[in-house]
Amino acid sequence: MTEVVAAGTATVSSGETFAFWVLGGLCVLGALGMLFSRKAVHSALWIATTMVSLAILYLINAAPFLSMVQIIVYTGAVMMLFLFVLMLIGVDASDSLVETIKGQRLAAVLVGLGFGVLLLTGVGGLAVNQIVGLDAVTEPAGGNIQGIAQLIFGRYVLAFEVTSALLITAAVGAMVYTHRERFVPKPTQRMLSEARFRSSGVPRTPMPSPGVFANHNAVDTPALLPDGSPSVESVPVLFQVEGASRTFTTADGRAITTSFPADGDHADGEGESENR
Amino acid sequence: MNPINYIYLSAVLFSIGAFGVLFRRNAIVVFMCIELMLNASNLAFVSFARINGTLDGQVVAFFVMVVAAAEVVIGLAIIMSIFSVRRSASIDDANLLRS
């Protein structure tokens, strides 16, 4: 790979021209896709396209080390982090179309276009007559990675050391930001049980199980109380549709109708969820 | 092909990123746009390194990547902590300082 890359560092071959137009188009396509996707997850996938294309462009530009770092750090770690946070805060959170500042979108379009034109005309003033190429500096060092290593641990060693402090600070800072203090001790099973027995309104015993009859054994069939009336509490909370009623026949031919009150005072939350 | 085209591509990507920062309302997408701008500047660094025949541009691009990684970690942590308080990732909702 290094031979292929090193062969053309001082000249631009036709193959490189072709690769540039394909990959450059992919880069711009990915960037525009990120810009105009309504959902943040689609934006993340689009920008991953851009980043992979850029990695190949680095490879063409005689930077194999940076190309690998780009793939590992950006498309690997950073995009994974983005997607992780997206999943944490909800994937379907799309942009609101409400303009908080009046005319902000139009202003953004104008400023963006103006900035692009400014940048392009500024770059357009540059003239590159010849490419020096990196062969002259990578050959004595023994390769691209060795050359970068000599610079990092030589001329830029102070910046490299500061980088380590930056990374440590970032890691600690992320932990501090997302750490949440627990102000009350975590309740144990014993504490939960004692609280339940001290409170009123929550049944102390398990809830009655649903009825099982000759014709009906579905879980939404209520059990019969000793006086023959159906017990609403024996039906799991999930099936206690407000206002709904259900009729079933017992073995001796009696038709029994259960209806669930609309106020839902029987649905007492945690107590009945044990039935499910 | 003139290698200045790489710089043109970098300028286009940087402009798209800058436009996205102004245009989008979702804080995470705004962050992606900032990443795009950093990537565009990296492409310029790498191209200039090749044009000028020194490896310093590649080293600087490497440092940009390190700083970008640290920035993403802190930024997403801030977004997470704002989200846990306000239940929203929209940059318009964080207006506590508004009179």
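This is a predicted model: local features need pLDDT of at least 70, side-chain atom pairs count only at pLDDT 80 or more; totals for chains, interfaces and linings use all residues.

Author: Helix 2 (residues 14–36) of chain A packs against helix 3 (residues 40–60) of chain A at an angle of about 155°, and their axes are 8 Å apart. Because angles over 145 degrees count as roughly antiparallel, helix 2 of chain A is roughly antiparallel to helix 3 of chain A. The crossing of helix 2 of chain A over helix 3 of chain A is left-handed. On the helix 2 side the contact includes A:Glu16, A:Ala19, A:Leu23 and A:Gly30, and on the helix 3 side the residues include A:Ser43, A:Trp46, A:Thr50 and A:Ile60. Sorted by class, this contact of helix 2 with helix 3 of chain A has 12 nonpolar, six polar and one charged residues.

Chain B has a pair to set beside it. Helix 2 (residues 27–52) of chain B and helix 3 (residues 56–86) of chain B pack at about 175°, with their axes 8 Å apart. That angle makes helix 2 of chain B roughly antiparallel to helix 3 of chain B. Among the residues of helix 2 of chain B that take part are B:Ile28, B:Phe31, B:Glu35 and B:Phe45, while those of helix 3 of chain B include B:Asp56, B:Val64, B:Met65 and B:Ile79. By class, the contact of these two helices of chain B has 15 nonpolar, five polar and two charged residues.

Next comes the meeting of the two chains. In total, 63 residues of chain B are in contact with 70 residues of chain A. On the chain B side, helix 1 (4–23), helix 2 and helix 3 are the elements that give two or more residues. Helix 3 of chain B supplies the largest share of that side, 21 residues. The residues on the side of chain B that touches chain A divide into 44 nonpolar, 13 polar and six charged.

One helix pair shows this meeting in detail. The axes of helix 5 (residues 104–124) of chain A and helix 1 of chain B come within 9 Å and cross at roughly 160°. These two helices are therefore roughly antiparallel to each other, and helix 5 of chain A passes helix 1 of chain B in a right-handed crossing. Residues of helix 5 of chain A that take part include A:Arg105, A:Val111, A:Phe115 and A:Leu119, and they belong to a contact in which helix 1 of chain B contributes, among others, B:Tyr8, B:Phe14, B:Ser15 and B:Phe23. This contact has 15 nonpolar, three polar and one charged residues.

Apart from its neighbours within four places in sequence, B:Ile28 is in contact with A:Ala40, A:Phe82, A:Val85, A:Leu86, B:Ile79 and B:Ala89.

Notes: Residues are numbered from 1 along each chain as its sequence is written. Chains are lettered from A and ligands numbered from 1 in the order in which they are written. Axes are lines fitted to C-alpha atoms, for helices over the stretch in contact, and angles run from 0 to 180 degrees between N-to-C directions. Helices (H or I, at least four residues) and strands (E, at least two) are DSSP runs, numbered from the N terminus. Angles under 35 degrees count as roughly parallel, over 145 as roughly antiparallel, 65 to 115 as roughly perpendicular and the rest as oblique. A crossing is left-handed if the near helix is turned anticlockwise from the far one by less than a right angle, and right-handed if clockwise. Two residues are in contact if their C-beta atoms, placed from the backbone, lie within 7 Å. Ala, Val, Leu, Ile, Met, Phe, Trp, Tyr, Cys and Pro count as nonpolar, Asp, Glu, Lys and Arg as charged, and the others, Gly among them, as polar.
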